[in-house]
Amino acid sequence: MPPKSKAAAAAAAEPISVEDLFTTLHRHIQADEFAQAASVADQVLKAAPGDEDAVRCKVVAQIKADEIDKALAAMRAAERLPVDLSYYKAYCYYRQNKLQEALDLLRGQEETAAILQLESQILYRLGRMNDCINSYEKLQKFKIDSMDLKINIIAALVVAGRASEVQEAMKALKVDLTTRALRDARSFELAYNSACSLIENKKYSEAKEQLDLSKRIGKEELMVEDYGEDEIEYELAPVSAQLAYVQQLQGQSQEAMQTYVNMINKKSADSSSLAVATTNLISLKGTKDAADSLRKLDRLIEKSTAPNQLQLIENLDFKLSPRQKEALYSARVLLLLHANKTDQAHELVSGLLGMFRDSVFTVLLQAAVHVKEKKVQKAEEVLNQYAAKHPENSTGVLLALAQIAANANHFQLAADSLSKIPDIQHMPATVATLVALKERLGDSNAAASVLDAAIQWWKNSMTEGNKLDVFTREAAAFKLSHGRDEEACVLYEELVKSHGSIEALAGLVATAARTNLEKAEQYEKKLKPLPGLKGVNVEALEKTSGARHVEGPQDMKVDVPEEVKKQKAKKRKRKPRYPKGFDPANPGPPPDPERWLPRRERSSYRPKRKDKRAQVRGAQGAVTREAAVSNAGGSSKGSQTTSSSKTPAANTDQPKASNKSRKKKSRS
């Protein structure tokens, strides 16, 4: 190796100026060469220790290079320096999913645009959607015209359950959802979020149009960026999953199921889209093939050694919304119950109670597990406690409590639970259930009061589809069957005056005949006469003793019209159907008429002959016990036994043994 020249050695020994290093650092940052930029920042810090700009450049370069641990180490090394790096530290914690620590670092800082954006993202991941929307609203005062900001605001409104506010928010943000505007903005995410808000508002056809538009625009954008077909399918997986969900809601179950199955089998989607597709597929299949559905869900859940600790794979806890996680865990608990794995279901619910505090779905799942374990009173107690603690959010809990109590014959508790739900108090199904429960309790007065309250409510109601006539008719029939004739008469009279139906008029006449004969005669005149009753003498009919029952067949002559006779005569004669290969001209021998009888019942049956020869066992010349008894019995006078008459006497004259047998005995 040739020796270095003196000029080269002198150049190597001469230090590079800080200005030149910063120039090199800037060039690396502009070229997105963040690893090299961090290395140059280290050189700057060697030349000028404690330089604030160099520290910031190093931390940002390491964050951009996805070296979060190194960035945190650099910030810890610079803690003594008068440099505020709390924003970068909070961002690193956000990237590591240490969300609460990141949020604590941002508290008390000046609300700049960068701080508010990071805070809103942290709150979104924590599921605190209302606080997230408040942060986005504060961001608007900075007048940031960013498409990403608009997309995030709409997404937060949808996830927060405030989809009804999306249209007004888009107007305030000046968002144009026309095809051309979205193509110019190159934002298929905006159309996707708009479709999600339409789904929440149950506008499924409009949502499908927006999703189709989102898919077209997204495909065009990704093709321009030279994405392959598989990559495009992967990037647009959330849109495909949402399209399948709309098909599922519209009753197109087979199409939706096919999309879900393709996504799961091909794994052509990100982890969150696969989780959504798996959960929706299980909801479509129901309890069918529970074992396979459980295997699919097991792929999304990591096994933890700690008891009652649940964790989803690939940080799905932060990628799925709280509602999506609730649906996933609910599906797993229900499948475990259907598979009779009650212990696993109980353990899973115990973990969910810690994860989702004060959540409705965990309480309902806990009650379902208790019912499966036949601990009905414990299930009722759990639901009662939640309803008392959260009365504003207990409609589903009270309905579940009413169903469980009714199935357990706790009718009073079921009726009380339904009575605590004001929103459905006067709906037909609720009223019918309450009346049935009160009748089971033997309290017809309370049942009548329920019907009266429903009638009064519908009289004052101005809603479409008024059910006043339905309740009035049912209440009149109920009171008539329970001996409240006068009240039933009043209700029937109201029906006649308001609707004038024939059924109500007939009911009024029949009811008034018991209480007010004059009124019955008055309304009876409004009934149309039935045809064929003019020739009937009513007085003579009343004097008869009525129809008599005559036993045995009676010859009754009935005049049958000629047309009916002709129709009977014109009955088509069908050709008999023969077995395959059967020739009616040569039928062969007739089948045995006794072929379906058991063999021993046939006339040709002959039982096997019994061997009547006595079989004597024992030594040569021995006599059987029965023969000895019969011989002894035969010698006594006057004694008769049944056994001696039936059992044949043993033959004592035994033939001589053969030579072979004699030889064998002689050897012994």
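Predicted model: local features only at pLDDT ≥ 70, side-chain atom pairs only at ≥ 80, totals over all residues.
Trainee: How many aromatic pairs does the structure hold?

Mentor: The structure holds six aromatic pairs. In one of them, the ring centres of Tyr 91 and Tyr 94 are 6.0 Å apart.

Trainee: What makes Tyr 91 and Tyr 94 a pair, and why is the pair called tilted?

Mentor: Ring centres must lie within 6.5 Å, and those of Tyr 91 and Tyr 94 are 6.0 Å apart. Planes under 30 degrees apart count as stacked and over 60 as edge-to-face, with the rest tilted. The planes here stand at 40 degrees, so the pair is tilted.

Trainee: Is Tyr 94 buried or exposed, and how do you know?

Mentor: Buried means under 20% relative accessible area. Tyr 94 has 10%, so Tyr 94 is buried. Tyr 91, by contrast, has 26% and is partly exposed.

Trainee: Why is the pair of Trp 458 and Phe 471 called stacked?

Mentor: The angle between the planes of Trp 458 and Phe 471 is 25 degrees, with 6.2 Å from centre to centre.

Trainee: What does the pair of Trp 458 and Phe 471 tie together?

Mentor: Trp 458 belongs to helix α28 (residues 444-460) and Phe 471 to helix α29 (residues 468-481), so the pair ties together parts that are 13 residues apart in sequence. Both residues are buried.

Trainee: How do you know that Arg 95 and Asp 66 form a salt bridge?

Mentor: A side-chain nitrogen of Lys or Arg must be within 4 Å of a carboxyl oxygen of Asp or Glu. For Arg 95 and Asp 66 the N to O distance is 2.7 Å, so the pair qualifies as a salt bridge. By this rule the count comes to 19 salt bridges.

Trainee: Which parts does the pair of Arg 95 and Asp 66 tie together?

Mentor: Arg 95 lies in helix α6, whereas Asp 66 lies in the loop between α4 (52-64) and α5 (68-77), so parts 29 residues apart in sequence are tied together.

Trainee: Why is Asp 66 called exposed?

Mentor: Exposed means over 50% relative accessible area, and Asp 66 has 54%, so Asp 66 is exposed. Arg 95, at 33%, counts as partly exposed.

Trainee: What makes Lys 208 and Asp 212 a salt bridge?

Mentor: Their side chains meet at 3.4 Å, N to O, and the cut-off is within 4 Å. Lys 208 and Asp 212 are four residues apart in helix α14 (residues 204-224), and therefore separated by about one helical turn.

Trainee: Is Asp 292 buried or exposed, and what is its relative accessible area?

Mentor: Asp 292 has a relative accessible area of 16%, and is therefore buried. Its side chain meets that of Lys 285 in a salt bridge of 3.2 Å, N to O. Lys 285, at 22%, counts as partly exposed. Lys 285 and Asp 292 are linked with Arg 295 and Lys 296 in a network of salt bridges.

Trainee: Which residues form the negative surface patch?

Mentor: Glu 229, Asp 230, Glu 231, Glu 233 and Glu 235 form the patch. Patch residues need over 30% relative accessible area, and Glu 233 has 35%.

Definitions and conventions
Residues numbered from 1 in each chain as written. Heavy atoms only, no water. Patch = residues over 30% accessible without salt bridge, like charges linked within 9 Å, V, L, I, M, F, W, Y side chains within 5 Å. Areas by Shrake-Rupley, 256 points an atom, 1.4 Å probe, with all protein chains shown as cover. Lys, Arg positive; Asp, Glu negative; His and termini not counted. Charge placed at Lys NZ, Arg CZ, Asp CG, Glu CD. Buried < 20%, exposed > 50% of the residue type's maximum accessible area, 1.4 Å probe, protein only. Helix = DSSP H or I, 4+ residues; strand = E, 2+ residues; numbered from the N terminus.
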